[in-house]
Amino acid sequence: MLFISPTESHRGTPGHPSPLPTMADSMDIDDSLYSRQRYVLGDSAMQKMARSAVFLSGIGALGVEIAKNIVLAGVKAVTLHDCKRCEVWDLGTNFFIREEDVVEAVHSRVAELNPYVQVSVSTDVLDENTDLSFLKRYQCVVLTETKLSLQKRIDRFCHSQQPPIKFIGCDVFGICSRVFCDFGEAFEVSDPTGEEPKELFIQNISQENPGVVTCMDSRTHGLQTGQSVCFKEINGMSELNGTTHQVTVLSPYSFAIGDTSSFQPYAHAGIFRLVKMPKTFTFAPLQLHTVMLALDAFLEQHARLPNIGVNQELVRSVSRCARGCLSPLAAVVGGIASQEVLKALTGKFSPLQQWVEAHCFNVDFGVCRGDRYDALRACIGESLCLKLHTFQVFMVGCGAIGCEMLKNMALMGVGLSRCSGEICITDPDLIEKSNLNRQFLFRPQHIRKPKSTTAAAASLEINPELQIDAHLNKVCPATEDMYSDAFFSRLNLVVTALDNVEARRYVDSRSVSNQKALLDSGTMGTKGHTEIIVPYLTESYNSHRDPPEEEIPFCTLKSFPAVIEHTIQWARDKFESAFSHKPSIYNMFWQTHSSAQEVLRVRIILHSMEGSFQVIKLLSRRPTQWEHCLALARLKFDKYFKRKALQLLHSFPLDTRLKDGSLFWQSPKRPPSPIEFDLNDPLHFSFVVSTARLFAGIYNIPHSEEVRGTFNYLYQHIETDETVKKPDQLQMTVSSEEERQAISQLQKAISSSSVTPGRLRMTPTFFEKDDDSNGHMDFVASASALRAHMYAIEAADRLQTKRIAGKIIPAIATSTAAVAGLVSLELIKVAGGYGFELFKNCFFNLAIPVMVLTETAQVKRTQIRDDISFSIWDRWTIFGHEDFTLSDFMNAVKEEYGIEPTMVVHGVKMLYVPVMPGHNKRLKLTMHKLIKPSAGRKYVDLTVSFAPEVDGDEDLPSPPVRYYFSRERESGETA
């Protein structure tokens with residue numbers, strides 16, 4: 001399946017292939033590239049991958065998916081083995097093959113995915129006579145498109161080595177697929193699930209046999225019997241601190257830990273945490289499921305269908321399309337198999353035990369035409385192929401899932417120009433380096449270029465027949481004129497590849513309003529989900545709502561942090577307030593006031609600084625040079641980490657008790673300890689320097705890279721006495737004395753001629769987590785760590801702080817490929833007009849591994865009367881004219897749909913509510929006068945309700961009623 005140039009191939013006698021490049025013992029992890037993946041795998045697993053080599057045989061539809069995923073992941077070296085030559089057929093299954101290829105190796109396109117991975121090629125014959133000793137140099141062997149007998153031979157060899165070479169065999173035969181894993185007789189997994197252990201506070205521990213631990217605030221512990229937990233910070237029963245105990249679950253909120261009867265009585269506080277224990281898995285050599293065994297036997301030995309007592313129609317279907325290929329299925333299996341490769345190399349996550357087999361929907365068989373779509377046509381038939389070619393698809397988002405979706409649609413020929421099809425894509429974002437680890441259509445030379453146009457160009461390289469229209473817009477109310485109902489009316493399908501809920505909800509509402517199918521999906525680490533939304537068959541995305549994220553109470557953030565997440569969020573809030581919000585308010589104020597002199601004149605007349613007090617403080621105490629910024633940062637240190645603690649302890653001494661006699665300072669409240677500034681402490685120094693840099697940035701002051709010498713001098717001259725008025729001691733309630741001081745300060749600033757146009761402008765700074773040179777993460781990490789130290793909270797490392805502060809969603813290419821493949825399979829079903837029972841939503845977790853396919857949620861109908869009902873997909877339509885009155889509208893609804901409205905609303909405007917004064921007079925007004933449509937507006941959607949059948953009940957709803965101002969509809973618009 002490779003085009004090989006003689007200078008690029010590794011030739012030689014079997015058993016003596018050309019040597020692999022020497023592997024480094026370790027690798028510094030490039031966080032700018034791997035940041036999202038590091039949160040999935042962890043640094044230890046990343047380092048193991050960086051020392052591992054993989055042998056991959058067969059670079060067809062499945063092999064190239066695996067190669068893509070493991071190279072993006074960052075293994076040390078990959079050898080691609082294949083002896084086949086490419087055919088036109090393969091253009092529809094291998095996204096790294098081009099029509100113009102003659103001798104260029106596919107491997108060069110694989111290699112450019114990741115500069116840290118060494119990609120080599122082998123075309124040596126691999127058969128029953130090959131000396132397999134060359135495989136000893138690899139940690140994992142992956143076989144695709146390999147005969148069963150050879151797979152068994154190679155697996156036996158790998159299984160017999162010490163340590164075993166991890167073996168994976170996988171294939172896609174048309175609509176069927178399989179993956180097999182053998183990692184040896186004792187494969188140890190350090191982290192079976194990958195879930196981050198939670199820390200929970202303890203409410204009580206009983207002094208008995210067995211002792212029972214109860215969680216605080218009825219929090220569920222999420223433990224299972226047999227797991228182990230460790231304890232810390234317990235007062236009273238201190239014998240448990242630092243010890244690990246196996247648990248027996250008693251309820252979602254409590255568990256037993258063994259005999260505590262001889263321990264001191266529990267007093268208060270304490271935290272427990274799940275201890276992850278390694279797990280050993282045992283593997284047996286290759287065995288096959290009966291159906292797949294029969295198919296292999298048929299392919300190797302016979303020219304007829306096997307007769308083995310199974311469903312012969314199933315075997316017949318599998319056999320007839322076995323040479324074909326569904327590229328989306330290859331993407332799904334490639335994602336699964338690639339994750340197994342990473343498990344084999346790292347010991348991270350639970351491996352597959354040992355088989356997985358999957359097949360797709362019922363098939364139709366097409367006749368080969370000698371073009372790039374023959375492999376697809378063999379599986380779904382000519383008619384469905386043509387429907388895909390004519391499809392009009394709108395995809396919102398061109399990130400990781402978007403790139404994978406474009407690849408799948410390009411291979412299947414979705415939206416061909418010669419068939420009047422089209423793929424319209426939009427994404428306002430630019431490409432960042434961190435995207436390259438998952439968004440495989442992008443390369444280093446694309447950084448800072450638009451995602452949508454770059455992805456479109458890359459997709460056209462895969463399939464030049466596509467028609468792609470790339471936009472740089474958000475899809476939101478502000479762009480509704482561009483993505484109008486007329487735009488949606490031309491579509492066959494909407495695909496969301498988004499990373500936030502609100503955007504999904506909006507696109508879903510537009511799709512439902514225009515009765516268009518929507519395919520939604522998402523990933524988080526090794527987890528993925530798909531949701532299929534089909535008009536008149538299923539519920540929509542907005543039909544269900546996830547529970548809202550639990551917000552941290554303000555008082556907790558301000559004064560009583562209990563866990564590291566609280567201190568990190570506090571640091572982010574300080575960043576936003578000092579370096580973004582205040583500068584923005586400052587600029588807005590001076591944009592609306594002509595001059596400082598005018599502000600002073602008005603404030604003297606009014607005898608008040610209301611509305612300008614904060615701004616005047618910022619102006620009068622504005623630093624003018626780098627040393628001033630350092631001094632201001634040093635004062636901030638004392639304010640945040642010394643004076644705040646002293647103030648709290650003054651208000652609530654350590655022995656303070658509540659009315660019930662219990663201590664005020666007990667779990668989860670932690671008493672603070674003031675921190676004395678130490679110039680030689682790297683954390684203290686980092687906070688001051690990063691804070692000073694940020695102040696310099698918002699005040700447009702050049703900063704110096706050499707700070708220690710200057711700071712040593714300033715250290716002796718910065719006034720930090722508690723009685724000294726600090727520039728940042730601003731109160732919400734402004735006294736008259738403070739107002740007089742502010743007016744005086746403004747007068748002084750004006751008289752000294754320091755109020756220049758430049759001083760009336762600040763530069764707000766917006767948090768950017770991925771640029772280590774800007775100092776943003778330096779501030780957040782140091783501020784969070786110092787606050788954690790102040791409250792005796794275990795600090796987080798910089799990587800964890802960045803994830804929490806930046807709200808980073810962990811991501812990895814394996815799950816992205818799998819989820820996009822699953823969505824693309826549903827796309828085929830949408831094109832085929834399949835019935836409700838064949839559409840499937842999916843949830844998977846490749847770490848465990850588990851994949852659950854479920855029926856979509858069937859659409860619900862709301863009953864208005866015995867003979868009148870509607871669903872979210874229904875829309876009633878009324879046509880009016882220039883003189884059409886509100887009374888005419890209500891009569892038309894009654895005549896057309898058999899029920900008379902009692903209320904009519906347009907957006908937030910109530911057009912008719914009988915109980916509202918004067919509304920009965922509106923019945924004679926025209927709809928045009930009541931609604932006042934904008935020029936060119938042809939219709940509006942109205943909300944109508946009806947009187948209940950029983951007095952006292954709530955009014956009955958209706959579907960949206962689309963009112964046309966004339967009989968003319970928008971082109972292509974359907975009612």
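**Reading features in a predicted model**

Colleague: Is Cys-181 buried or exposed?

Modeller: Buried means under 20% relative accessible area. Cys-181 has a relative accessible area of 0%, so Cys-181 is buried.

Colleague: What share of the residues of the protein count as buried?

Modeller: The protein has 975 residues, and 55% of them count as buried.

Colleague: How many helices and strands does the protein have?

Modeller: There are 27 helices and 31 strands. Contacts tell you about the fold in another way. Take those between residues at least 6 apart in sequence: 73% of them join residues at least 24 apart.

Colleague: Now helix packing. At what angle do α19 and α20 pack?

Modeller: Read the angle together with the distance between axes. Helix α19 spans residues 626–651, and helix α20 spans residues 682–698. They pack at about 125 degrees, and their axes lie 8 Å apart.

Colleague: Is the crossing of α19 and α20 left-handed or right-handed?

Modeller: Right-handed.

Colleague: Which residues of α19 and α20 meet?

Modeller: From α19, the residues include Trp-626, Leu-630, Phe-637, Tyr-640 and Phe-641. From α20, they include His-684, Phe-687, Val-688, Phe-695 and Ala-696. By class, the contact has 14 nonpolar, two polar and three charged residues. Among the residues that meet are Arg-634 and Lys-636 in α19, and Arg-693 in α20.

Colleague: Next, cis peptide bonds. Which residues does one join, with omega about -5 degrees?

Modeller: Look at omega and at the two residues joined. Here the cis bond joins Gln-162 and Pro-163. Pro-163 sits in the loop between α5 (148–160) and β5 (166–173). A cis bond also joins Ser-667 and Pro-668, with omega about 10 degrees. Pro-668 lies in the loop between α19 and α20, the helices whose crossing is right-handed.

Colleague: And phi? Where is Gln-515 placed?

Modeller: Gln-515 has phi near 55 degrees, a positive value in a residue other than glycine. Gln-515 is in the loop between α14 (501–513) and β21 (517–524). Ala-792 also has a positive phi, near 55 degrees, and is likewise not glycine. Ala-792 is in the loop between α23 (776–790) and α24 (798–805).

Colleague: Are Gln-515 and Ala-792 buried or exposed?

Modeller: Gln-515 has a relative accessible area of 13%, so Gln-515 is buried. Ala-792 is at 55% relative accessibility and therefore counts as exposed.

Colleague: One last residue. Where is Ala-50 found?

Modeller: In the loop between α2 (43–49) and β1 (53–57). Ala-50 is at 3% relative accessibility, so Ala-50 counts as buried. Ala-50 and Ala-73 are 23 residues apart in sequence, and their C-alpha atoms are 9.4 Å apart in space.

Technical notes
Residues are numbered from 1 along each chain as its sequence is written. This is a predicted model: local features need pLDDT of at least 70, side-chain atom pairs count only at pLDDT 80 or more; totals for chains, interfaces and linings use all residues. Side-chain values use heavy atoms; hydrogens and water are left out. Buried means under 20% relative accessible area, exposed over 50%, partly exposed in between (1.4 Å probe, protein chains only). Axes are lines fitted to C-alpha atoms, for helices over the stretch in contact, and angles run from 0 to 180 degrees between N-to-C directions. Helices (H or I, at least four residues) and strands (E, at least two) are DSSP runs, numbered from the N terminus. A crossing is left-handed if the near helix is turned anticlockwise from the far one by less than a right angle, and right-handed if clockwise. Contact means heavy atoms within 4.5 Å. Ala, Val, Leu, Ile, Met, Phe, Trp, Tyr, Cys and Pro count as nonpolar, Asp, Glu, Lys and Arg as charged, and the others, Gly among them, as polar.
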